[in-house]
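Got your viewer open and ready? Let's take a short walk through this one, one selection at a time.

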Amino acid sequence: MSFLPVPTPRAAAQSRAAALGLLLALIALGLLWELWLAPTGTGTLAIKVLPLVLALPGLLKQRLYTFRWLSLAVWLYFTEGVVRAWSDPAPSQALAGLEIALSIALFCACALHVRQRLALGRAQAAA
């Protein structure tokens with residue numbers, strides 16, 4: 001038995017919107033970082049945002065599976081941010097810090113959304 005209140009559909013919509021906004025911000029950061037702000041060569045590292053772009057349709061269609069795998073995949077971007085914050089020169093360190101913050105926030109938004117949707121499903125099944 002859970003003592004947590006059942007989330008409202010509005011709360012689930014807000015967590016979905018937060019996850020979508022954070023995903024778009026992480027995509028934009030990855031592209032700007034590798035192509036314009038602090039490029040590390042020919043810009044081929046910009047391909048690293050491809051998994052994030054592939055998650056967009058699933059988030060837009062509210063597929064719970066996409067929120068689940070994205071909450072795991074985002075840790076790769078967190079790890080990259082930590083490594084680059086430690087090893088890259090000055091301009092990239094600040095961008096890496098932003099990548100760390102965005103990836104943690106995206107994980108939290110995805111995890112919250114999954115939790116809310118599952119609770120809503122349980123509440124609807126009980127009613």
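Start by selecting Leu 32, which sits in helix 1 (helices are DSSP runs of H or I, at least four residues, numbered from the N terminus). Leu 32 counts as partly exposed because its relative accessibility is 42%; buried means under 20% relative accessible area, exposed over 50%, and partly exposed in between, with a 1.4 Å probe and protein chains only.

A quick note on what you're looking at: this is a predicted model, where local features need pLDDT of at least 70, side-chain atom pairs count only at pLDDT 80 or more, and totals for chains, interfaces and linings use all residues. Residues are numbered from 1 along each chain as its sequence is written, and side-chain values use heavy atoms, leaving out hydrogens and water.

Now color the whole chain by secondary structure: you'll get 4 helices and 0 strands, in the order α-α-α-α. Of its 127 residues, 41% are buried.

Last stop: click Ala 19. What does Ala 19 touch, leaving aside neighbours within four places in sequence? Its contacts (heavy atoms within 4.5 Å) are Leu 59, Phe 67, Leu 106, Ala 109 and Cys 110.

Notes: Helices (H or I, at least four residues) and strands (E, at least two) are DSSP runs, numbered from the N terminus.
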